[in-house]
Amino acid sequence: MTTQPHADRSAILARRARLLSPTYRLFYERPLHLVRAAGVWMYDEQGRAYLDAYNNVPVVGHCHPYVVDALTRQARTLNTHTRYLAEQPLELAEELLATMPAELGNVIFTCTGSESNDLAVRIAKAVTGGSGFIITDFSYHGVTDVLAGMSPEDGGPLGPGVYAVPSPAAAGGPAAFGEHVGECIERMRTDGVRLAALLVDTIFSSDGVYADPRGFLADAVRHVQAAGGLFIADEVQPGFGRLGESMWGFQRHGVVPDIVTMGKPMGNGHPVAAVAARPEVLERFAKRRHYFNTYGGNSVSCAAALAVLQVIRSEALLENAQRSGE
Ligand SMILES: Cc1ncc(COP(=O)(O)O)c(C=O)c1O
């Protein structure tokens with residue numbers, strides 16, 4: 001492929017410093033200027049190839065032609081929102097729910113993992129009447145004001161009603177996780193805080209990645225549900241088959257969440273995300289609140305997400321992740 005002339009990196013750095021907020025961060029001491037990608041390879045402005053062993057979004061490979069074609073075709077045909085009758089969001093909801101336990105029966109579409117978690121928090125508050133949330137010591141759940149208070153990995157203080165339990169890295173390891181959650185619920189009771197939910201990334205990606213032993217989350221979920229709280233499985237990192245053996249991280253623990261949030265790989269780079277939940281939970285939420293998200297569930301995003309699911313199946317990517325992981 002012929003490469004266009006590109007500005008040199010120092011010019012881009014200077015321009016970036018002038019134009020973008022200093023809150024942004026770059027990867028690497030010598031930041032990369034990537035100009036194209038295909039499959040597992042990314043290419044810089046000089047045509048040098050980099051094996052993408054990091055990127056947690058393009059789950060079916062960069063610029064996968066099937067996904068690109070599907071979203072281009074839909075963009076040429078119609079792109080609109082969920083206030084019109086359309087089949088794509090229904091097809092997508094059916095396909096997503098088919099990968100989950102039968103108890104999870106409804107889907108709400110959003111655009112980012114943060115929006116999904118923010119909505120899950122709102123649902124949990126509305127449905128339980130509680131305001132107490134349990135998260136882990138080094139978790140990250142998103143960028144909204146509420147989620148910043150539930151994302152200690154980002155360095156800020158915990159929000160009101162937010163309790164952090166030791167991550168599975170702490171003393172006792174994953175096996176002690178349920179005990180920590182049980183103790184935390186007791187602490188909340190003593191403090192007069194009503195439990196709304198346990199919110200965990202089911203692979204604990206920012207806590208350090210804890211996959212084993214399989215099932216270590218089950219005790220924690222049992223404590224939470226027995227205390228009247230909901231279990232929110234944040235699948236933004238582990239979802240869409242990235243763990244290999246199952247489509248969702250919670251499935252490795254033999255638990256059924258009340259709410260599942262997803263995003264990142266869902267559109268292979270296109271911003272599309274969702275919340276799946278038990279219908280009885282969403283019925284209670286819907287009595288009090290309506291939800292509309294301008295771009296959540298738009299036709300093009302749905303086409304992209306459907307194509308991703310299709311590729312995961314047709315290229316047997318779970319099996320591939322499993323084999324490569326082993
Ligand atoms: C576990 C987890 N939850 C939620 C989010 C937020 O997703 P987004 O950046 O799409 O808002 C992230 C992003 O890194 C994440 O890792």
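User: Is Thr202 buried or exposed?
Analyst: Thr202 is buried, with a relative accessible area of 2%, where buried means under 20%, exposed means over 50% and partly exposed is in between, using a 1.4 Å probe and the protein chains only. This is a predicted model, in which local features need pLDDT of at least 70 and side-chain atom pairs count only at pLDDT 80 or more, while totals for chains, interfaces and linings use all residues. Residues are numbered from 1 along each chain as its sequence is written, and side-chain values use heavy atoms, leaving out hydrogens and water.

User: Ok, and where is Thr202?
Analyst: Thr202 is in the loop between S7 and H7; these labels are DSSP runs numbered from the N terminus, with helices (H or I) of at least four residues and strands (E) of at least two.

User: What does its side chain touch?
Analyst: The side chain of Thr202 makes a polar contact with the side chain of Glu235, at 2.9 Å. A polar contact is a pair of N or O atoms within 3.5 Å; within protein, one atom must be able to donate a hydrogen and the other to accept it, and residues adjacent in sequence count only if both atoms are side-chain atoms.

User: Which two residues does a cis peptide bond join?
Analyst: Asp212 and Pro213 are joined by a cis peptide bond, with omega about 0°, and Pro213 belongs to the loop between S7 and H7. As background, most peptide bonds are trans, and most residues other than glycine have a negative phi.

User: So which residue other than glycine has a positive phi?
Analyst: Phe240 is one of them, with phi near 60°; Phe240 is in the loop between strand S8 (230–234) and strand S9 (259–262), and at 2% relative accessibility it counts as buried. Ala316 also has a positive phi, of about 50°. Ala316 lies between helix H9 (299–314) and helix H10 (317–325) and is partly exposed, with a relative accessible area of 31%.

User: Switching to the ligand, which residues surround it?
Analyst: The ligand is surrounded by Thr112, Gly113, Ser114, Asn117, Tyr140, His141, Gly142, Asp201, Asp234, Val236, Gln237 and Lys264, where a residue counts if one of its heavy atoms lies within 4 Å of the ligand.

User: What else does Gln237 contact?
Analyst: The side chain of Gln237 makes a polar contact with the side chain of Asn56, at 3.2 Å. Asn56 is in the loop between strand S3 (49–51) and helix H2 (65–77), and Asn56 is buried, with a relative accessible area of 13%.

User: Which element gives the most to the shell around the ligand?
Analyst: That is H4, which contributes 3 residues to the shell.

User: How many residues of H4 are buried?
Analyst: In H4, 12 of the 16 residues are buried, so the helix is largely enclosed by the rest of the structure.

User: How far apart are the end C-alpha atoms of H4?
Analyst: They are 22 Å apart, which agrees with the 22 Å that the 16 residues of H4 (residues 113–128) should span; the expected span is 1.5 Å times one less than the number of residues. Just after H4, Gly129 takes a positive phi of about 75°.

User: Last one, is Arg25 buried or exposed?
Analyst: Arg25 counts as exposed, at 67% relative accessibility, and it is found in the loop between helix H1 (9–19) and strand S1 (34–38). The side chain of Arg25 reaches the backbone oxygen of Pro22 at 3.0 Å and the backbone oxygen of Thr23 at 3.5 Å.
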